[in-house]
Amino acid sequence: MAQHVLSTCEQPLSSLSANLPEEPLSTKTLASFISLIIVPSTPEATISSIFETLTRSLQLSRDPVVLHQTLKLLSDIASHRPNLSRLVSDSVRTHSPLSSESTRLAAESLDVLASIAERDGTLVELDDRSFVSLCFGPSVSIRSWLLRNAERFSIGPYVLLTLFLGFTKDPYPYVRKISLDGLVGLSKAGDIEDPGMIQGCYCRAVELLRDMEDCVRSAAVRAVSAWGLILVASNPEAKLHWSDDLFVKLCSMGRDMSMEVRVEAFDALGKIQMVSEHILLQTLSKRVLGITKEMRSLGQCPAEQFEILASSMAGVLVHGLEDEFYEVRKSACHSFRTLTIISAEFAGKALDLLMDVLNDDSIFVRLQALETMLYMATFGHLKVQGTHMHMFLGTLTDSNMIIRSSTRKILKLVKLPNIELFRLFVDGLIESLEKHPQDEAGIFSALFHIGRNHGKFVVSIINKVSEEVEPASEGKLGFDSARVAALLVLAISAPLSHKQLACSIPPRIFSYAVTLLGRISAALTDVMSQDALLTYLTRCSRSTRFSATEFNFREADPGLHVIDIPNSTSDEINDTVGTPLQQEEEHGTSKLQSWTMMETMEVAAPLVGYQLEAHHEVMEAMNLILSKVKVIWPLILSGFTNEVLRTLRSFKEELAAFTSESLGSGGAVAFTLQYLRVMKQLAKVWEHFLPAKKLCSSGIGELDLVLGKLDIGLRELRRRFTGLSLEQELQILELILLSCTLRLCKVEICCHFASLKKLSATLSDVDSILKSGYIEPSNFVSEVGKLLCLIGTSGSGTSCSPFLFKELLKHFSLKQFVLCGRLDQVRAELVVPDNDSENPLHFVSRLPVGIPCKITLHNIPSENKLWLRMTTDDESTQFVFLDLNLFGSSAEVREFTYVVPFYRTPNAISFALRVCLGMECFFEDVSCVKRYGGPERELTYLCQEKEVYLSMII
Amino acid sequence: MAIECLVLGAGQEVGKSCVVVSMNGKRIMFDCGMDMAYHDHRRHPDFSRLSQSGDFDAALTCIVITHFHLDHIGALPYFTEVCGYRGPIYMTYPTKALAPAMLEDYRKVMVERRGEEEQFTSEHIVECMKKVIAVDLKQTVQVDKELQIRAYYAGHVLGAAMFYAKVGDTGIVYTGDYNMTPDRHLGAAQIDRLQLDLLITESTYATTIRDSKYSREREFLKAVHNCVAGGGKVLIPTFALGRAQELCILLEDYWERVNLKVPIYFSSGLTMQANTYYQMLISWTSQKVKETYSTRNAFDFKHVLNFDRSMIAAPGPCVLFATPGWISGGFSLEVFKQWSPSEMNLVTLPGYCAAGTIGHKLMSGKPTKIDLDKDTQLDVRCQIHQLSFSPHTDAKGIMDLVKFLSPKHVILVHGEKPKMATLKGRIYSELGIQCDDPANNETVCIPSTHYVKAGASNTFIRSSLNPNFKFSRCSSEDESDSCLKDRKSMPWLQVTDERTVEGILVEEKSKKAKVANQDELLLMLGEEKHEVQFAYCCPINIGNLEETKSKDLTSSNNVPCISDMCSWLRMLYIKLSDQLSGGNVQDFGEHIQVESVHVSICQKDRCPYRISDSSQNKSEAVFVCCTWSVADEKLAWKIISILENFNSGTY
């Protein structure tokens with residue numbers, strides 16, 4: 001094919017170069033060159049001859065179309081054959097129609113030259129005169145192209161400046177816009193130093209602020225800002241005067257009808273470093289202020305102009321904050337950052353407005369407002385007052401995590417005027433902790449910092465509430481209460497603010513705080529290491545006289561810096577404190593420090609077409625396996641148990657191919673696997689009920705064991721998948737009915753009554769599904785119903801014999817399970833970061849220890865109750881409740897870190913915990929299990945047990 | 001050509017809006033409202049002023065309705081069905097959709113409750129609506145060959161629009177009611193920069209300047225939150241459309257953020273119906289609602305439930321939106337009776353309540369007892385929160401709009417007389433725009449723009465294609481707007497592009513007007529070029545000159561110079577170059593040239609340009625003759641004054 005093209009192309013080529021060199025090239029011939037140039041295999045010689053032909057064409061042709069194409073081809077040659085680019089460049093330069101009457105061709109050849117030069121990293125050398133004369137050509141599009149690309153040619157800055165300035169008068173709006181953009185570009189280069197020129201540019205741009213076109217006005221705002229700032233900088237003696245002038249000019253654009261212009265205006269306002277205070281204050285009030293009127297009486301400007309001036313500034317920033325477009329509001333919020341630094345009075349008034357912005361409907365704007373406040377706090381201009389509290393405290397308990405953490409950052413820096421506000425903030429933080437325990441680290445850190453900044457207040461608060469912290473009468477510490485923990489953190493911060501205050505806090509408080517060492521130190525990684533904290537707490541708890549200066553704590557700016565702990569600092573603290581024992585633990589502690597709270601945003605992964613297709617394939621495979629299960633059901637009944645088990649195993653192997661997260665159908669695969677497991681147990685159970693089977697070989701407990709496994713399997717099948725249809729659920733319920741029946745068939749089964757109760761409970765579930773779904777009950781279900789009815793009327797369950805239940809089994813027939821739609825597996829992942837037998841967590845014997853768990857939940861609705869079960873080697877078990885409402889909105893995947901307290905630490909050098917996450921089942925009978933402080937109902941475990949290693953701090 | 005503006009309603013009052021504008025032979029009626037305060041003929045505009053014969057079809061080109069409020073549309077069915085107007089009527093789609101319900105509601109209240117004679121029937125409303133042509137925003141509608149109208153977004157209520165009307169070269173804008181600041185559910189008014197002869201704007205709040213809406217929102221949320229947190233019930237009486245949706249969006253947002261679980265109820269059918277309209281008319285709502293629409297319809301309120309009577313006495317906190325807004329009766333009154341005796345509860349009141357309603361009584365002070373009727377008295381112990389949300393623009397918004405549009409003339413309607421007068425003054429003094437506030441049934445005539453079409457000569461077209469800009473320095477004193485600028489500051493660069501300046505409009509009798517380049521003008525007219533030169537001949541005291549000369553030259557040259565013309569000229573040259581620092585002074589020996597000013601020693605005894613001055617001794621005086629062309633007049637007088645200063649002896 002390529003060969004064919006080549007030959008057809010070469011023909012005209014050879015004929016041209018040989019016979020008719022004077023004839024201009026036809027467009028058709030030129031078109032045929034393209035493929036030759038692009039194909040890499042075209043021999044060098046052909047390319048050179050094409051190049052020569054084109055060069056000749058450039059010289060001879062006067063036809064603009066041909067010339068245009070020729071230039072295009074030359075440019076293609078240059079880009080595809082870098083070795084020829086220099087030749088092309090020379091040829092275009094010598095023969096090009098630069099001087100010809102067609103500015104379009106001139107511009108095109110300039111483009112070719114420029115792109116060749118750019119590949120070499122150089123600029124095209126072009127004399128100013130020809131560039132200017134090209135710009136003055138009549139074609140508007142060429143003019144705008146040239147102006148836009150001016151920086152690609154080495155044109156003198158003053159020539160460019162003249163051109164740009166001149167063309168700001170062009171009747172075509174786009175030329176004006178490009179000229180203004182060019183002026184902005186020039187301002188960045190900083191080549192222009194002549195004060196007259198700078199002022200000229202500024203004034204010219206100011207004139208264009210009143211242009212009719214939106215795009216010109218927004219370019220003008222940029223240009224005014226750029227040149228205005230240069231003007232301010234270049235006039236040291238009239239700095240304020242020009243800065244005010246610039247500010248007022250930009251303010252007048254804040255009420256423009258075009259959103260883009262407004263955004264530019266507020267962006268530009270945020271860049272101004274210096275403004276007179278009265279002007280600033282006027283921008284916050286829509287009414288003309290008295291102070292502005294005074295300025296008028298001082299004769300600074302004529303009266304009639306004054307009115308216009310004041311009304312153009314009045315309330316501009318307020319308007320910006322209440323704009324319809326969030327882009328404008330955000331930009332306005334941002335502009336407050338620098339402006340609040342200029343004047344404290346302005347900052348106070350601005351804060352009132354910014355507080356109100358926390359009600360904005362856009363999260364971007366709210367965040368920007370908080371960021372601005374943080375900025376103000378950093379510069380000491382954040383004066384919080386009582387009127388702000390409602391809004392401010394609201395953000396502490398906001399449902400959005402980022403908002404909460406931004407608010408806490410501000411709190412860490414804020415200075416509060418009185419104890420009432422301080423108490424409100426502390427209460428707000430504690431409330432936030434109760435509502436959002438996953439924020440613990442952040443909240444502890446905030447409490448610690450505000451405590452440190454307001455030591456006196458802390459002392460008076462702690463002394464009032466100290467009895468809350470004290471252990472209850474039976475000697476049990478209430479440290480699992482969030483409030484107590486928060487108060488402890490607050491209390492221990494006090495000695496760091498003023499040394500003489502330490503004595504006011506009861507020393508035992510510090511020893512209580514030691515019990516929360518892990519949690520507190522996780523929160524205070526920016527201030528001190530765990531070792532330092534421990535030493536600090538021990539010291540405080542021992543002696544009432546204590547000097548904060550002994551500790552070399554980092555005065556890190558908590559809001560503005562990323563937490564970063566160099567090892568040397570922690571060594572330094574250790575040296576000062578001088579506890580040699582802790583050096584040994586160095587490795588472990590730094591590991592703990594490096595672990596920080598992870599705050600991960602939920603990311604919804606979009607479903608892509610091919611995924612759907614793959615999903616479909618997986619579902620088909622699953623249904624195939626499920627249909628085979630139905631086929632082997634008669635084998636189970638006939639007692640071919642071994643064969644059945646072998647077949648089920650083979651099915652499992654088939655499934656193994658799909659086990660990894662197969663493109664969104666993982667749920668279906670997991671379900672099928674679970675179904676196979678249930679079948680396996682069912683087959684094993686059934687073995688015991690076969691008439692021919694004699695049970696002498698198996699132990700008496702074996703059936704109970706298998707039945708127990710079956711129950712667990714069925715429970716998981718029912719609870720761990722979401723997206724089941726009513727019919728599918730019905731099928732599972734039938735299996736549960738079957739397992740209950742099987743239990744009841746057994747003469748020797750002990751908990752007869754419980755099984756009966758479960759049977760009737762399950763049946764009522766089945767009934768409700770039947771009713772809501774208008775589904776006909778199967779033979780088996782209706783027979784179970786009849787039998788239960790019979791038992792109910794006969795008075796007591798004892799009268800019915802296992803025989804009746806055995807009869808029921810005959811009515812059961814397995815239906816084929818058909819998967820359709822999307823099934824999601826309810827599951828969880830639990831990781832304890834940086835923990836293994838080599839790197840154990842540290843604990844103090846008989847005191848609680850915090851275990852940081854990184855938990856990922858999949859498809860768990862918030863209404864479910866989750867528990868963490870922690871079991872020690874001696875099988876003592878502790879349950880910790882996990883309130884799902886606290887960990888973000890309900891979504892497919894939730895990821896968070898939670899520090900789980902473990903209370904019963906043994907008196908041992910080290911021990912291991914097995915942690916597992918379980919979900920409480922609603923449908924299970926309450927009376928089944930009853931553990932003190934634990935879940936009321938049976939748990940369905942959602943993940944593998946995880947071993948956690950702990951070792952004592954010696 | 002003139003625009004005649006006849007105000008039939010809302011002239012110096014807030015009532016029935018109706019303005020009839022005649023321009024270039026077209027007559028448009030903007031709004032056709034009714035005044036609910038009257039129950040006689042005054043409730044309608046005086047239509048008889050339009051046409052004595054009653055042939056309204058001939059008298060009016062079309063009617064334009066801005067929005068569905070009764071004071072803007074209330075008289076429409078009466079005018080079309082009873083008075084018999086059959087011409088076109090224009091309004092936006094939402095207005096057309098919502099107006100029938102409003103009119104029907106009003107008709108029912110009039111007839112069924114007050115037992116009045118009905119002005120129009122339900123059929124009339126239906127028939128009237130059939131005549132309506134619905135328009136979209138920014139859609140240019142060609143009413144007839146010459147008249148164009150176009151709707152622009154006005155905020156205020158759902159579907160409210162400002163209308164631009166254009167006949168020939170005359171363009172006007174009628175705003176209706178509008179809002180320049182957005183709220184939670186509607187955007188701010190938005191309009192293009194147009195060439196306008198007249199802007200007719202509402203002026204309900206002609207002197208009010210409102211603070212940020214954020215503080216109002218915060219107060220409201222705080223009051224509601226505190227009430228429900230204390231277990232109280234909140235009653236928000238509103239009308240079906242507008243405020244209810246705005247407040248509900250606000251509450252929903254807050255509920256979401258603060259994670260409140262307290263139920264929010266909507267009382268009954270009409271409000272739910274209204275929500276449906278909002279859900280459908282998303283393109284007429286605020287930017288925020290439009291942006292979130294792809295994920296969620298903001299009017300699908302998540303927390304909002306339906307309320308029924310049995311829940312009035314139910315325990316526990318809740319928030320209830322109930323109609324009507326002024327607690328003048330209906331469901332809101334029923335609930336109010338039940339809830340007002342408890343201190344825990346809260347009632348919010350809208351910014352304005354009609355006199356005589358319970359809402360009005362609550363607003364004026366805080367009564368503890370309210371008489372429902374003769375026999376029943378109600379204990380009011382609940383908290384009361386007044387909302388000051390308003391869908392009208394404030395004075396600043398009106399000024400901003402007028403400033404943005406910069407029309408040649410402004411007419412204020414729909415406001416209170418004294419306040420309008422204040423605003424009128426501000427518009428004139430701050431913006432320099434003529435402004436009127438006519439009373440009802442007054443007519444205002446204002447001049448209108450008329451453009452002449454002109455051809456352009458080829459030379460002119462060619463010359464205007466090529467840029468031809470010039471830089472010049474001009475003193476900052478000329479600049480009008482920068483008063484912060486130091487007046488002594490240096491002259492600054494000014495850019496002019498002369499392509500358009502070069503054009504000359506030639507209008508010859510019985511010929512089409514033409515724009516020509518200045519170079520070809522003489523050719524076109526077949527005339528020769530004449531130049532005007534000014535001349536002035538003034539005496540200079542030789543004695544002074546000598547003195548100056550010796551003073552200047554003694555240091556360099558002790559020999560006194562011959563007093564001849566050349567040396568005098570030389571003296572003058574030195575003096576002028578010295579004084580005119582920026583000018584370009586050239587010495588040509590015979591004369592001195594500064595730009596076009598030509599200075600020479602006059603040798604004539606009788607120079608026609610000489611102003612004879614007998615006091616001067618002729619022998620001691622030298623006459624200097626100056627000529628210049630008109631362009632350099634300023635410069636010439638400056639030079640002359642320098643020359644004459646030789647006489648005064650100060651040098």
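In the predicted model, Glu371(A) forms a salt bridge with Arg337(A), and their closest N and O atoms lie 3.8 Å apart. The pair links distant parts of the chain. Glu371(A) sits in helix H21 (residues 363-378) of chain A, and Arg337(A) sits in helix H19 (residues 326-342) of chain A. The two residues are 34 residues apart. Over all chains, the structure holds 55 salt bridges.

Salt bridges also occur between the chains. Four are found across the interface of chain A and chain B. Asp361(A) pairs with Arg184(B) in a salt bridge, with 3.8 Å between the closest N and O atoms. The interface itself buries about 5800 Å² between chain A and chain B. Carbon and sulfur atoms account for 56% of that area. Chain A contributes 67 residues to the contact, and chain B contributes 59 residues. On the chain A side, Met257(A), Glu324(A) and Asn359(A) supply 14% of the area that chain A buries against chain B.

Helix packing within chain A was examined next. Helix H24 (residues 419-435) of chain A packs with helix H25 (residues 440-453) of chain A. Their axes come within 10 Å and cross at roughly 165 degrees. An angle over 145 degrees counts as roughly antiparallel, so H24(A) is roughly antiparallel to H25(A). The crossing is left-handed. H24(A) brings Phe422(A), Phe425(A), Val426(A), Leu429(A), Ser432(A) and Leu433(A) to the contact. H25(A) answers with Glu440(A), Ile443(A), Phe444(A), Ala446(A), Leu447(A), Ile450(A) and Gly451(A). By class, the contact of H24(A) with H25(A) has ten nonpolar, two polar and one charged residues.

H25(A) also packs with helix H23 (residues 401-413) of chain A. The angle is about 20 degrees, and the axes are 8 Å apart. H23(A) and H25(A) are therefore roughly parallel to each other. The crossing of H23(A) and H25(A) is left-handed. Arg408(A), Leu411(A), Lys412(A) and Leu413(A) make the contact from H23(A). They meet Gly442(A), Ile443(A), Ser445(A), Ala446(A), His449(A), Ile450(A) and Asn453(A) in H25(A). Five of the residues in the contact of H23(A) with H25(A) are nonpolar, four are polar and two are charged. Ile443(A), Ala446(A) and Ile450(A) of H25(A) take part in the contact with H24(A) and in the contact with H23(A).

Helix H3 (residues 44-60) of chain A packs with helix H5 (residues 85-95) of chain A at an angle of about 15 degrees. Their axes are 9 Å apart. H3(A) and H5(A) are therefore roughly parallel to each other. The crossing of H3(A) and H5(A) is right-handed. From H3(A), the contact is made by Phe51(A), Thr55(A), Leu58(A) and Gln59(A). From H5(A), it is made by Leu87(A), Val88(A), Ser91(A), Val92(A) and His95(A). The residues of the contact of H3(A) with H5(A) divide into five nonpolar, four polar and no charged.

Notes
Residues are numbered from 1 along each chain as its sequence is written. Chains are lettered from A and ligands numbered from 1 in the order in which they are written. This is a predicted model: local features need pLDDT of at least 70, side-chain atom pairs count only at pLDDT 80 or more; totals for chains, interfaces and linings use all residues. Side-chain values use heavy atoms; hydrogens and water are left out. Axes are lines fitted to C-alpha atoms, for helices over the stretch in contact, and angles run from 0 to 180 degrees between N-to-C directions. Helices (H or I, at least four residues) and strands (E, at least two) are DSSP runs, numbered from the N terminus. Angles under 35 degrees count as roughly parallel, over 145 as roughly antiparallel, 65 to 115 as roughly perpendicular and the rest as oblique. A crossing is left-handed if the near helix is turned anticlockwise from the far one by less than a right angle, and right-handed if clockwise. Contact means heavy atoms within 4.5 Å. Ala, Val, Leu, Ile, Met, Phe, Trp, Tyr, Cys and Pro count as nonpolar, Asp, Glu, Lys and Arg as charged, and the others, Gly among them, as polar. Buried area is the accessible area (1.4 Å probe) that two parts lose on being put together, summed over both. A salt bridge is a side-chain nitrogen of Lys or Arg within 4 Å of a carboxyl oxygen of Asp or Glu.
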